[in-house]
Amino acid sequence: MSAPHTDVEQVEAANTAFYEALERGDFEEVSALWLTPAELGVDETYHDPADTGVISCVHPGWPVLTGRGEVLRSYALIMANTDYIQFFLTDVHVSVTGDTALVTCTENILSGGPAPEEGAELGPLLGQLVVATNVFRRTPSGWKLWSHHASPVLAETAEDDDDTGANGPHPDDGPLA
């Protein structure tokens, strides 16, 4: 077993590699970063991989996806429909226990869709704030993703800043007089 600081560094590197592969639209690399049934100890000739140690993924606003096929199809769809994406990760925290690692982070995402008209380079850029939890498992070939769960962070509205909004005082306003 590796030294703890080395494990944390290796998990951080695997997490970074995942987001960089997404930015490049490198489906083969994204696929290689997810656990395979064999790495989960599942013999597919005798067991349905969905029954044991299944990988899972939740994209913001999506249902839970389970199994390698569903998860990888989701990334293929996202990459096929996103011309540009960049992740700025903040609040990254890594915890390693044995052969399992947990990474929590904030994904500050900048993305652009297809160009609105012929000859234009890219559609409008959109920003999104998402919190994510990535679970990794140690394998002989390095740390691999076991689960990814991402949830949008709701943006504050003008009403949130209004002390006398229709919903009454904000909890951060302090005690009522």
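A polar contact is a pair of N or O atoms within 3.5 Å, where, within protein, one atom must be able to donate a hydrogen and the other to accept it. The exercises below apply this and related terms to a predicted model.

**Exercise 1. Describe the surroundings of His148, beginning with the strand in which His148 is found and ending with the side chain that a polar contact joins to His148.**

Step 1. The relative accessible area of His148 is 4%, and because buried means under 20%, His148 counts as buried.

Step 2. Leaving aside residues up to four places away in sequence, the residues that His148 touches include the aromatic side chains Phe18, Tyr19, Trp34 and Tyr75, together with Glu107, Ala132, Thr133 and Asn134.

Step 3. One of these neighbours, Asn134, is also joined to His148 through a side-chain to side-chain polar contact of 2.4 Å.

**Exercise 2. Work out how strands S3, S4 and S5 are paired, and in which sense S4 and S5 run.**

Step 1. Strand S3 (residues 84–97) and strand S4 (residues 100–112) run antiparallel and are joined by twelve bridges, with Thr97 standing opposite Thr100.

Step 2. Two residues lie between S3 and S4, which together form a hairpin, and in the turn Gly98 has a positive phi of about 60°.

Step 3. S4 also pairs with strand S5 (residues 125–139), in the antiparallel sense and over 13 bridges; within this pairing, Ile109 is found opposite Gln128.

Step 4. S4 is therefore a partner of both strands, since two strands pair if at least two bridges are found between them, and S4 has twelve bridges to S3 and 13 to S5.

**Exercise 3. Decide whether Val153 is buried, exposed or partly exposed, and name the patch to which Val153 contributes.**

Step 1. Val153 is placed in the loop between S6 and helix H4 (158–161).

Step 2. With a relative accessible area of 34%, Val153 is partly exposed, because this value falls between the limits of 20% and 50%.

Step 3. Together with Leu129 and Val131, Val153 makes a nonpolar surface patch of about 200 Å².

**Exercise 4. Summarise the chain as a whole, stating how many helices and strands the chain has.**

Step 1. There are four helices and six strands, following the pattern α-α-β-β-α-β-β-β-β-α along the sequence.

Step 2. Of the 177 residues, 30% are buried, while the accessible surface comes to about 10,700 Å², with 55% belonging to carbon and sulfur atoms.

Step 3. Among contacts between residues at least 6 apart in sequence, 51% join residues at least 24 apart.

How values were computed:
Residues numbered from 1 in each chain as written. Predicted model: local features only at pLDDT ≥ 70, side-chain atom pairs only at ≥ 80, totals over all residues. Heavy atoms only, no water. Buried < 20%, exposed > 50% of the residue type's maximum accessible area, 1.4 Å probe, protein only. Contact = heavy atoms within 4.5 Å. Areas by Shrake-Rupley, 256 points an atom, 1.4 Å probe, with all protein chains shown as cover. Patch = residues over 30% accessible without salt bridge, like charges linked within 9 Å, V, L, I, M, F, W, Y side chains within 5 Å. Salt bridge = Lys/Arg side-chain N within 4 Å of Asp/Glu carboxyl O.
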